[in-house]
Structure formats: C-alpha cells, structure tokens
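These notebook entries record what I looked up in the structure.

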Amino acid sequence: MSTVEKYLKPEIIRKISRLDLRAQFIVKGFLQGLHASPFHGFSVEFSEHRKYAPGDNPDDIDWLVYAKTDKYYIKKFEAETNLTGYLVMDLSASMAYSYEQELSKFEYSICLAAALCYLMIHQNDPVGLITFGEKIADSLSPKSKRQQIGNILSHLARLEPRDKTDIGRSLNQLAAMLRHSSLVMLFSDLLGDPDEVISALRRLRHGGHDIILFHVLDKAEVDFPFEGLVELEDPESRASLEVNADAYRSDYLEELGEFRTRYDRECHQIGIDYVPLDTSMPFDRALTEYLVNRRNCG
Amino acid sequence: MGFLTPVLLGGVALVALPVLLHLVMRRQPRKLAFPALQFVRRRQQANRRRMNLRNWLLLALRCLLVAGLAVALARPTLRRSGLHGKEGAPLAVALVVDNSHRMQYVHENKTRQRQAVEMAEWLVEQFPSDTEIAVVDRSRAATGFVVDKKTAEARLRHLEPEGSPRPLEDAVRGAIQLVTDRPDHRQEVFLFSDLSAVDWTKQALKSIKEVLDKSPDVRIFVVDVGVTHPRNISLGQLKLRSSILRPGQPLHMDVSVRCIGSDEAQLVELFLEGSSTEAVKRGQHHVELTASPAGSNLTTTGQATFELADLPLGIHQGYVRLAADDPLEVDNTRYFTVDVRPPVRVLLLGENRRDTLFLREALSPSMGGLHVVRFECEAKQFSEAVSLALKPYAVVCLCDPPPLDDKLWQALADYTHSGGGTGIFLGHRARMSAFNEPVAEQLLPGKLKIQSRQATHLRPRSLAHPALSSIKDYAASIPWEIYPVWKYWELGDLATDAYVVMRFANNQPAILERPLGRGRVVTLTTPVSDPLEPPGRKTWNLLPTGPEPWPFVALSNQIVGYLAQHDNASFTFSSGETVVLQLATLQPPSIYVLVPPDGEPMRRKLPPGENTIRISTTRSLGNYKLTSGGTLTQVNLGFSVNGGEDQSRLERIDPTQLASAFPANRVQLAETLEDIEIYVDVGRSGHELFSWAITLVALVWSTEHLLANRFYRSTK
C-alpha cells in the first residue's frame, strides 16, 4: 500500500476534523493514486496548456509545444456539458450505528459525499444536496460555483441522523422533484422494504437520471461478529430479538448476501450502479464508481 | 445381563446434571443495538427450530454420555452359563488332571502335566475363596474336596506321574459324582487332557455321557493340553522267551519299536547292570522302520532281537533303550529281570531203568551238544523211594507206578503239600484196587475206572494252561495223529479240585492237574515209558517212540517245568501293580532291603513264617532289587517295572467328535488359558461387556464433540 492510498482509509480520515479538509484529503489522495488522469476522454473542448505532471497520460503531451519550448505541456480541456449531481443522504436513525468502528455509517457517507462534492465542483459540475427521512427533509439546489462546496459541506456537517426512514417514498418524492437528467448519488443503508425501494429506483431511473446507489453498512452488519447469547435491538423501531449469535451467524450472512444480491441484480437490470460498502472500506472504491459513471455520461 | 459393581449404576442419576445445566445455568443475553434486525428476524423461526433440535440432540448425547459412563463402570456382563437358578451360588469344582505317563510329553520345554497343573493353578487362583475344590487324578487313590485353595494348589503341585492309571472315564465319573454331591453349588468339572484316542474311546464317551445325563447341573470344561502333531519313538514291551534261565540257556528277547512322525532308522541298545551300579552296554541294533499297515501314515514300526549267552547264576537286571531322544522319554527304556537258576532236580521213579529212560532223555538228554542243563534227573526204583528224602527234589515223577506202599503215597502227599511237584504217568502196572485206596486218592485226580482200549490220540482243544504255554505257538503244526494212544486209564468221577489240562480226541481226559497244598500233581492217563514192542503185551502208545517224537519232549519238559513251579515266574510288572515274590529259602528273613530304581534303600519287615513278599510301592519305572543278609536267610531277588504300552499312544481324538458326543452346552473345549478365561467369564460371571460399553461411551463422546464443534464452529 502506497503512502497516499493509506490516507483513503476511514480510520485516518477520522483524524481530520474539518469536513472540507477531509474531502480535499480524500480527493487529492485518490487522484494522486491514480496512474492515469481521471479526466481523460471527457467530452470537453481544448482550453489551454498546462505543465505535464506525473500521472498525466503521455499521449496528451503536445509535442509541438515541446518542440518550441523544450518543455512538456499537455493539452487542457474544458468541459463542454455539465452533469448535474445530487448527493442524496439518508437521515434514518440506523445510519448513526457503529459497532467498534471509527466512523458510523452516516459519517462514512458524509465523508464520501463531501469528497464527491469536491470532485464535482472541481469539474465545474453543479452539485446539490438532498436529505431524507420518512420524506424529503431538506435540499440544496445544485450549483457549480466554488462557494457551493462550502455550502454543501457546512450543511452536511450539521446533519444528524435521527428520523425514521421511508426510502421508497422519499425517492418517489425525489423523482417528482428532479426536472432534468441528473446524476443521483444515493447514500443509504437501505434498511427497509426492498420492494418499495426498488420500485422507487425504477421510477427515478425512468425519469432519465443516472443513479449511483452507495449501500453503506456497518462492518458489524456485514460480518455479524457477535458471540454467545445477545439481545439485538433495532434503534429505529425499538424492536428487540434474543438470539444465539454463534448459531445465527451463517443464517444472517446468508440473508444479507441474498439481500445484497437482489439489489445488485435489480440495479443491474435497470442500469443503476450498485456499490455495496461497509464502514471499514477505503473511500477509493466509491470514488472510482463515480468517475466511471461520470465518464460514461460524458 | 448383570453387573459386577452394580453400586456404580447410581451414577446414572448424574444424567440430571446436563439437564440442570441446560435449564438453570442459562446465561443472560448481552444487549446490543443492531439496525439490520430485519435480516435476523426473517430466519428466526427456522433457526429456532434448528437450534432447538441441535440443543436437544446435544443434551440427549450428554445425558447418554453420563449414563453410558455409569453403566460401563458398573461393568455389565452377559450371563450365558445355562445353570438356571444357581446364579451367585458358591462353586463346587473338580479339577481332573490326567497324570498318566503320556502327559510327560515335553512341548515348548514343558511337560503336558506341568502345563495342565499351571493352568489348573491359575484357575484355582480365580475361584472365590468359598469354592469347594477337588483335585482328581488318575491314580486309584480316593479323592474328595480339599480344605482350601492352598491345599488344592499343593495337591496339584505334588501330582506324580501315574504308571498304571485308571481309565480316564473313571476319573471323570468320580469327579462328576463329587460335584453332584453338592446340590446347592454350581457344579463344574475341569478336565485337563491331551485328548489321546486311547483314553477317549467310544465306550469312555458313552460312559461319561450317561453320568452327565444323570447330573443335569454339571458342566465340563475339557482343556486340551495335548500337541496336535506329536512326535514319539517308543519301545514296546520286552518279550522274553523265559524269565528264568538255566545254566547255558541264552537270554532271548524281542522288542518292537514304534514311531509317530518319523521313519528314520533307530538305534536300540541293550544294557546289563552289573554288580556295580554302572550298566554295561551288551548289544545294539539299528532298527529300520516301515509304515505300519494298521496305523496311520505317520506311524512306523520295527523290530529288534537281542540274545545274551552265558549268563552266570543269579539275578540279572538290565534295560533296552532308544539311543535317540524324543519328547516323551518314559517309553524310551524298557527294563527286564531274569534269574539264572541251577538245574531243577527231578527224581524219576520206575520199576526198572527202562521205565524212566524216555523221560530222563527227554528232560536231560545224555547225547548231543546241548549246553543247556534245565533238569538234573536222578532215576530210582520204587522200592528205594520209601527210604528216600524227597525234599531236595523239586519234582518227583512216577513212571508207570505199580501198587505202592501206603507210606510212599503218604510221603508223596506230604511232599506235594509242602510245595513239591508230583507227576504220575499211569500205565499197565496200575491196579484199580490199590490206586482207588484213600491214601492214593489224595494225589490222584479221580478213581481209576477201566483200562480203555479205544484207540485215540492227544488232541488239545485249548492251550491256555500254563503247562502247555510253550507249545502254544506251534500247536497247529504238531501232528498228534501220528502218535496214537491205544490204551489209557479211564477215570471215574473226578475229585472236586481236579481239572483236565488236555484231552484225547475222544474227549477222555489225558492230562489232569490237582493242586495239593502248596504243590501240585499232574497225572497222565497213559504212560510215557512204554517201549515200542514190550514183551508179552502190546504197547499203550507211541508218544515217546513214534517218528521224531519232539512233541513228547516238549510236553514232558513243559509238564515237569510246570510241576517245578519255577519256569513260569515273571519278574516284569506294570507300574503300580502289587508285586508278589515267593521266597525259595528254607528260612525266610525277618528283615529285607528293597532298593528301588532311584537308589534309596528301604528296610522292610517280614512277619515270621511268611515266605511271600508283597511290594506295592512300584510307582517308579526301573529295576528293583531285594536283598537280605545271613547264610540261611540270604535272599537276592529283583524285579522290573515298566509302563504300559498305551502310555505311548499319542494319537488324538478329533475334538469335533468329542463335542458331538455330549449334549450341547454341557461340555466345552478349551485350548489356551484365554479360552478358559472366556468360558469361565461367560459361564460363571458372564461375558464382561466393559470394553464394548466403554467403546460406546467413547463413540457417544466423540459424536457429541463433533456435533458441538460443527454446530458452533463459526465461533472460531
């Protein structure tokens, strides 16, 4: 693991308290780690030359300029089309859950959202923020200005997960709300009725939006690391259940696997990028997904 | 089904322990927040059912483990003794040990008897202390239950080989009878045998079965201590032509060699014991063995003949032995005793020398180069006889006696009473009036009736009488017809103690015997002194004057020898037999010394006036010597004791035949100590199931462990 990549780990990011710095840290670390420029091949117009930096594609080197100046310059392009992105955050109480991890699901999602916001603004793409619980709670309209980063980050920093959730209903609301084709980046643990969620996702997709579904779960929710007799309580519904964790683990993992497989299959069918994550995973996975999606859109 | 330590069955109650742990020691659950409860809830029912099943299964296995351990430690047994109603009763056991000489067969450095005794001792150790034990062997001594186990062991240890064992079935029957006398006991007989076919005859099996049928509670364990493929070379009994020899008469003996499991030529040696203790080798023979037609393929036989000439007067003892060693040594040596005695003094009484001529020539021929002097004959006339002392003569023969003086008759009767032998050869001089007088009738076998003129000849129907024993072998080749008898004395009613030794062809008595006191009288009803053509009358028979009259010679020798009471003595006895020896001395000794084969002299007393010595301590095989000092009372006797030939017969009975001869489950056959152990365990305390039970417990334990690990393996 290179020194840069290790900064993409949640346990390192947690040590940076300011969210803007976190976002910057994540994105810069991520970009430096990439061997090729993530912006290559985008549908943009040539705007100016800039100095070659390691990591740039040598194909982009302008050899004419090199002939004249004896220095490496590469062509810089300007985006021709703008991609409107919405960061959609789940505010359900379950998102606040963390079991022996550095970041809760919500914190992890916010870090990721901030990084994406930073990245999009950097691309001059307008980014908006929508939060939901049982319904859409709050929204910031998308803008591509630099100030937007500050707005979104400060808003994100203020968010607290405490509501009950109805993802299906909220997504339906969202579908009705969005006028133009946008890139919807949904951060949720999807703990609800999957039928309703999938149905809402279909509707959203039908509206012409590209969707990246970041399914964020806690490490404990993925591994079920408990031992012995435990009484498990749902923080949203306050329902509790007494189980023998040892005997239950295989059943649980099987059930979760089925759940994730179903989302993966359904999302693949309707053209949604489904990104299963857990709070112990580095952020680059999520960012790569975004970039791939962004390239496809270009 | 029973238990050796039933108290430990109480441990089954510990089954409650896992149940209590399961119910009472239930842990409190740890409270945890967990948002993804929906995944847990979905499988709750199925998981609970499965968990319940697993828990119950594990609980059941743990309970089974505890109960199984308790049962295994209580040592379960399977009872199969078949002795209903006597479970737990004290034991009455008879240990029958075959201690015949055959059991001295050495296999793996141990005699069969030693092997049997070791097994028996081990058994005795196993018996509970209140067991009644009887040790039965094949000696004829009476047996009963011994006081305690120590005594039984001592009796077993001191069992001596028995030279003349009683039949095995007698010992077994006695043992069955002994244990049957303990009706409140469990009755068992352990028989240690080499399964020799000689002992286990059909008759023996039948006899044992009959006793078994009468004693339904008795079980017999036959412990086979024999060897499956025995190897043995044995000597048969020595066949001496005569045990009493006369000066010049050679010692002639035949001995057979029998071999099981080998057909190699065997070296047989003859040793003669001298005055010193060292025996001197006097002959040897290489005996070629040939397959015995009657025996099995493995049995071979051969024959050896020894002859020793010029033995001086006196007792001579020796032995014939096989030079090679074999596992059974007791039958490798055969002992003999012969006595070379001075010639028998015979007084021949006749009217003239002619009357005694034929008999004298027949008994001690004056011609020919014969060196054997069996009889020393002295011829006298009847007139001289009245004044003669008859005592020095062993036999007095009256050849064609005329009417005799009553004094002579009386002298003869007294002489015979005191052990002398009198031969009366009746002829033409006999007169009914004189011979039918009471004084003569003391000796004669019956009253003279008539002089029969019916021509006939001797025709012996049976030659079983000892007086005829030596002509028995060639009786068929004697042409009695060519020695006709034209005249003979027919007798009236015979005396009650007289009996016919030989008859004529017309069934009239020819030779008669009448015992008188310690002596005997033999009467021939036709003379042996008639010349071929006597003057003035016809000859009575052609017995001495026929062509080649060798039958007459043989017959006269036999009759006179029989009258002398010397030649029929035998000095060879079987082991255990009571030896009876007649003392020929005028004054029997009061004390004599018996030297048995092991060389430890024993002083014995003889009651005054007794001239017969009886010796019953003849267990050891070998040559015995009997001596006493003094000039008048000097005695120098000896005898030999040999084992029976059946003690060399190692052929075995088929064990299946043995098993099939008895009712099922009554007789068990064992070969090793382990076999006995199994039978003893199964028969007495039952078949112990500890090993099975503990294996089952181990299986349950490992299954529980395996399942528990499998159910909770994700813990690791």
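Helices are DSSP runs of H or I with at least four residues and strands are runs of E with at least two, numbered from the N terminus. I noted that this is a predicted model, in which local features need pLDDT of at least 70 and side-chain atom pairs count only at pLDDT 80 or more, while totals for chains, interfaces and linings use all residues. Residues are numbered from 1 along each chain as its sequence is written, and chains are lettered from A and ligands numbered from 1 in the order in which they are written.

**Entry 1: a serine in chain B**

I located Ser207(B) in helix α7 (residues 202–214) of chain B. I counted residues as buried with 20 or more other C-beta atoms within 10 Å of their own, exposed with 12 or fewer, and partly exposed in between, the C-beta atoms being placed from the backbone. Ser207(B) is partly exposed because it has 17 C-beta neighbours inside 10 Å. Leaving out residues up to four places away in sequence, I found that Ser207(B) touches Glu169(B) and Arg173(B); contact requires C-beta atoms, placed from the backbone, within 7 Å. Arg173(B) is 34 residues from Ser207(B) along the chain, yet their C-alpha atoms are separated by 8.1 Å.

**Entry 2: helix α7 of chain A**

I then turned to α7(A), residues 194–206, which has 13 residues. Its buried residues include Val197(A), Ile198(A) and Leu201(A). Among the elements covering the buried residues are α6 (167–177) and α9 (245–270) of chain A. After the helix I noted Gly208(A), with a positive phi near 90°.

**Entry 3: α7(A) against α9(A)**

How do the axes of α7(A) and α9(A) cross? They come within 11 Å and cross at roughly 20°, with axes fitted to C-alpha atoms over the stretch in contact and angles running from 0 to 180 degrees between N-to-C directions. The two helices are therefore roughly parallel. Residues of α7(A) that meet α9(A) include Ile198(A) and Leu201(A).

**Entry 4: chain A against chain B**

I recorded 31 residues of chain A in contact with 23 residues of chain B. On the chain A side, β8 (229–233), β9 (240–244) and α9 give two or more residues. α9(A) gives the most, with 10 residues.

Terms used
Expected span 1.5 Å × (residues − 1). Contact = placed C-beta atoms within 7 Å. Parallel < 35°, antiparallel > 145°, perpendicular 65-115°, else oblique.
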